[in-house]
Amino acid sequence: MYVDEGVNKPYKNLSGDIYMKQGADKRRVTENAEILRLFHQSGAYYPDHEMVRGTGIADLNRQLIEEYCTKNFGKTVSEMGLEYEQLLKNLHILTISGECTLAGLLFFGLSPQQHLPSMMIKAVSFYGNDMGGLEYRDSKDIAGTMPQLFDQGMSFLKANLHSVQAGQGFNSVGRLEISQIALEEILQNALVHREYIASAPIRILIFDNRVEIISPGSLPSGMTVDDLRFGNTLQRNPLMAQFCSRTMQYRGIGTGILRAFREGAQMEFDNSSSGNQFSVRFMRPMEGVASSDMKKVNRVNVMDLYPDLTERCPTLQKTEQNNARVVLHMCEQTASVVEMMEATGYESRTSFRRKILTPLIEAGLLKPVLGDKNSPKQRYTV
């Protein structure tokens with residue numbers, strides 16, 4: 001017989017104890033954080049409304065609040081007709097007792113991480129495809145308000161991903177190798193829908209073959225990855241979503257994932273209940289090659305190409321090795337300078353020749369076919 005789920009989750013026995021299913025058995029829940037998480041998942045508790053102890057009106061940036069009121073209500077703070085502190089309480093930036101709400105501090109705080117040190121982004125760009133590697137291209141701990149976290153997170157992604165021409169004019173800026181719109185939607189979702197009970201940062205991890213955006217907290221109870229694919233949504237942090245929709249590009253109607261898919265982003269989801277985290281994985285096209293060009297190029301792991309390149313071409317800079325692998329792969333079928341520059345994101349022919357072509361030619365790995373070496377139409381082969 002099928003029994004409908006009750007509405008008073010989490011369920012308690014007559015003694016007031018809370019139990020949760022674990023495999024074929026059940027266990028008693030005793031940790032406060034886990035109990036709060038169960039109430040959070042049931043929609044009975046919202047941590048973004050909670051006070052941040054030790055904070056108050058002095059921890060808020062009045063200029064940000066002025067901008068918020070002007071943008072959303074068409075009035076300055078003084079024109080709102082309320083005492084400043086009462087206005088902040090009405091907006092749920094302050095609690096009734098005068099402390100900052102978690103959402104209020106993260107959106108309007110002078111220095112949010114002074115009180116919430118884990119509410120930040122840790123971003124790392126690795127060499128290769130292994131998180132355990134000891135070397136990395138770039139690393140940054142990103143702090144600030146929610147809009148600042150978003151802007152700086154996107155800046156890190158743009159700085160560490162390739163921009164390619166993808167059929168545009170030679171002097172155009174180019175497009176990011178992974179859809180910028182898709183990255184924006186997923187990063188905003190991570191910031192708004194993360195679990196704020198967990199004391200852990202959001203992580204942006206960039207590898208040679210993928211990008212991962214990992215947020216604390218698995219999907220809310222009852223939600224599945226398929227729900228995301230069909231645009232179904234459940235607001236885990238409604239106050240956070242409200243502030244975000246009024247200060248950023250976030251719409252809060254569950255269409256972010258759909259827009260990311262429409263952009264052609266190759267995404268994979270990993271909802272880990274045991275690890276209490278949710279990750280979105282973007283597969284990168286062969287390094288430097290735009291998604292629209294992938295019909296012309298076989299998908300390969302760049303690191304698998306010319307594994308002995310370091311020994312064969314010792315004058316090649318380490319940061320350029322994967323670009324060189326792309327060039328050698330293209331030149332197996334004979335490629336022009338223009339084609340190779342588009343594939344590796346170079347705009348300066350002089351820089352491309354000095355950093356890529358010259359080391360490969362001197363090592364005997366690349367040779368010109370015909371044409372003037374100063375011409376962009378000059379073709380090369382391996």
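Of the 382 residues in the protein, 47% are buried (under 20% relative accessible area with a 1.4 Å probe, protein chains only). Welcome to a predicted model, in which local features need pLDDT of at least 70, side-chain atom pairs count only at pLDDT 80 or more, and totals for chains, interfaces and linings use all residues. Residues are numbered from 1 along each chain as its sequence is written, and side-chain values use heavy atoms, leaving out hydrogens and water.

**Overall build**

- You will find 13 helices and 13 strands in the protein (DSSP runs, with H or I of at least four residues for helices and E of at least two for strands, numbered from the N terminus).
- Among contacts (heavy atoms within 4.5 Å) with a separation of 6 or more, 59% join residues 24 or more positions apart.

**Helices H11 and H12**

- The axes of H11 (residues 321–331) and H12 (residues 337–344) come within 10 Å and cross at roughly 140° (lines fitted to C-alpha atoms over the stretch in contact, with angles from 0 to 180 degrees between N-to-C directions).
- On the H11 side, the contact is made by Asn323, Val326, Val327, Met330 and Cys331, and on the H12 side by Glu339, Met340, Ala343 and Thr344.

**A closer look at Met330**

- Met330 lies in helix H11, and its 19% relative accessibility is why Met330 counts as buried.
- Not counting residues up to four places away in sequence, Met330 touches Ala335, Glu339, Met340 and Ala343.
- Met330 and Ala343 are 13 residues apart in sequence, and their C-alpha atoms are 9.0 Å apart in space.

Methods:
Buried means under 20% relative accessible area, exposed over 50%, partly exposed in between (1.4 Å probe, protein chains only).
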